[in-house]
Amino acid sequence: MSRSPTAGPGTDVRSGDEDATAGPGRPANVILVLLDSLNRHMLGAYGGSEFSTPNLDRLAASAVRFDNHYTGSLPCIPARHDILCGAWDFLWKPWGSIEIWEEPITAALSGAGITSVLFSDHPHLFEVGGENYHTDFSAWDYLRGHESDPWRSRPDPSWTGAPSFGRGWTNYDNSRGWFRGEEDFPGPRTMAAAAEWVRRDSRHHDRFFLLVDEFDPHEPFDTPEPYASMYDPDWQGPHLIWPPYTEAARARGVLDEHQARQIRASYGAKLTMIDHWLGRLMDDVEEAGRADDTVFMVCTDHGHYLGEKDVWGKPAVPVYQTLGHIPLLVRWPGTGGGDCRALTTSVDLFATLADIFGVTVEHRTHGRSLVPLLLDEADSVRSWLLTGVWGREVHLVTSDLKYCRAPAADNAPMSLWSNRWSTMPVHGHPELRLPRPDRRAQLDRMPGSEVPVIRQPFASGDLLPFWGWARFSGNHLWNLGEDPAEDVDLADSRHEPGAADALRQALVEIECPEDQLQRLGLV
């Protein structure tokens with residue numbers, strides 16, 4: 001197979017089309033369903049048998065199943081930045097807004113006269129730190145009441161709550177009692193609203209991009225019957241819908257055997273419920289006649305630990321396969337399904353959208369279009385990718401290796417690059433904000449940009465943004481081809497120097513901040 005020109009690290013996204021009309025081999029529309037915290041190994045399409053996912057499995061039967069798809073920037077909002085802006089930002093800043101030197105794919109689509117629509121129940125898209133990801137959509141609808149959404153000012157007295165494992169009161173305690181039936185939960189309402197738009201409005205647009213940013217199966221793992229008891233029918237008392245965020249939870253007695261099984265079952269219940277509503281959306285796409293001219297994708301931002309390696313939630317640990325090796329299903333009209341072994345990552349979805357719609361952005365991006373893979377014109381589009389959380393380990397992933405590099409000593413030096421200076425609010429701890437720029441801050445430039453940006457350095461002993469607060473377990477190296485469970489750590493072996501050099505070369509190629517190389521001991 002021949003390698004097709006694609007966008008890659010250190011390049012702008014450029015399409016071969018001169019305008020935004022659908023060219024040969026390019027469907028007119030895209031529907032992208034982002035299911036938050038979707039665990040690859042639990043889906044039937046990827047060999048899972050613990051929980052029922054018949055509609056994801058149905059999609060996979062006619063879609064290209066990507067078997068080596070990985071996270072990039074983490075967690076939730078940084079992953080959406082990858083998808084909507086196409087650039088890894090976790091080496092420059094933590095969770096935060098779209099910056100003034102970049103624009104989302106939706107702005108480029110608007111300039112080309114292409115309709116973009118968002119349906120979401122994801123609270124972080126509508127609060128500080130994520131507040132401008134929705135603003136360039138042609139239309140958007142926020143379905144209220146999920147997790148931290150301050151939807152209601154008082155609880156309905158019929159809701160008695162559930163064990164929270166240290167979270168205390170949350171906004172969900174005000175919202176939950178107002179859901180009377182399955183159709184009232186945020187996930188079903190979001191899927192139903194998107195399906196209604198497909199039936200009612202999609203035919204009125206020549207070209208469209210529909211993003212369904214669905215926060216399920218993210219916690220709280222709260223569902224009505226029959227889902228709530230589906231996978232743990234003997235459980236007595238309120239269902240455990242809030243997982244602890246910790247490692248060694250079983251070993252340290254945070255969870256006993258029954259509680260661990262119940263939390264996992266509650267995740268499975270939510271997975272099966274949202275799969276049902278995804279099936280209704282898929283049916284409406286077919287009935288509206290859009291399956292023949294619309295690419296249908298299902299992806300996620302990251303997985304969710306549910307006891308794998310005795311890790312729960314998304315605590316500050318290396319990006320193991322449970323969190324970082326994620327599902328991607330793409331149904332392309334007129335082509336058959338099948339498996340794709342090529343290495344891919346979240347920024348590639350941005351490049352794929354730009355390719356399909358024939359649009360251009362000016363800022364530096366890191367993605368490679370998946371269209372050559374989908375049309376069977378190429379075997380691969382990249383040989384490596386980077387993933388991680390700002391202030392934490394940096395991971396290099398290749399087709400067979402994962403190298404996790406921790407700070408060489410103190411978690412310094414480091415810098416934060418931003419002109420918006422916002423991040424995820426921690427409800428219940430409003431004092432946890434980004435430290436303000438101080439007298440050391442300077443104006444700098446992002447790679448490929450002439451826009452001045454505030455660069456705040458941090459040195460050893462400084463109070464870091466809370467994303468960098470954690471202990472590290474050292475470097476790790478796994479041969480994923482031989483050891484997919486990551487049981488045999490090859491760090492400190494003869495293999496590590498080569499992996500470290502490959503990571504250094506990757507970081508240099510994307511022109512990451514010099515202090516990252518110093519922090520990681522790669523200079």
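## Cysteines

A disulfide is a pair of cysteine sulfur atoms within 2.5 Å. A search of the whole structure, a predicted model, finds 0 disulfides. The sulfur of Cys340 lies 15 Å from the closest cysteine sulfur, that of Cys299, too far for a bond. For Cys299, the closest cysteine sulfur is in Cys76, at 13 Å, again too far for a bond.

Cys299 is buried, at a relative accessible area of 0%. Cys340 is buried too, at 9%. Buried means under 20% relative accessible area, exposed over 50%, and partly exposed in between (1.4 Å probe, protein chains only).

## Asp36

Asp36 sits in the loop between strand E1 (29-35) and helix H1 (54-62). Helices (H or I, at least four residues) and strands (E, at least two) are DSSP runs, numbered from the N terminus. Asp36 is buried, with a relative accessible area of 0%.

Leaving aside neighbours within four places in sequence, Asp36 is in contact (heavy atoms within 4.5 Å) with residues including Cys76, Arg80, His122, Glu214, Asp216, His218, Asp301 and His302.

## Three-stranded sheet

An open sheet of 3 strands runs in the order E16-E18-E17, with antiparallel pairing. Two strands pair if DSSP finds at least two bridges between them. Strands E16 (414-417) and E17 (442-445) stand at the edges, each with a single partner strand, so one side of each has no neighbour in the sheet.

E17 and E18 (residues 452-458) pair in the antiparallel sense over 4 bridges. Gln442 has Arg455 in E18 as its bridge partner.

## Basis

Residues are numbered from 1 along each chain as its sequence is written. Local features need pLDDT of at least 70, side-chain atom pairs count only at pLDDT 80 or more, and totals for chains, interfaces and linings use all residues, while side-chain values use heavy atoms, leaving out hydrogens and water.
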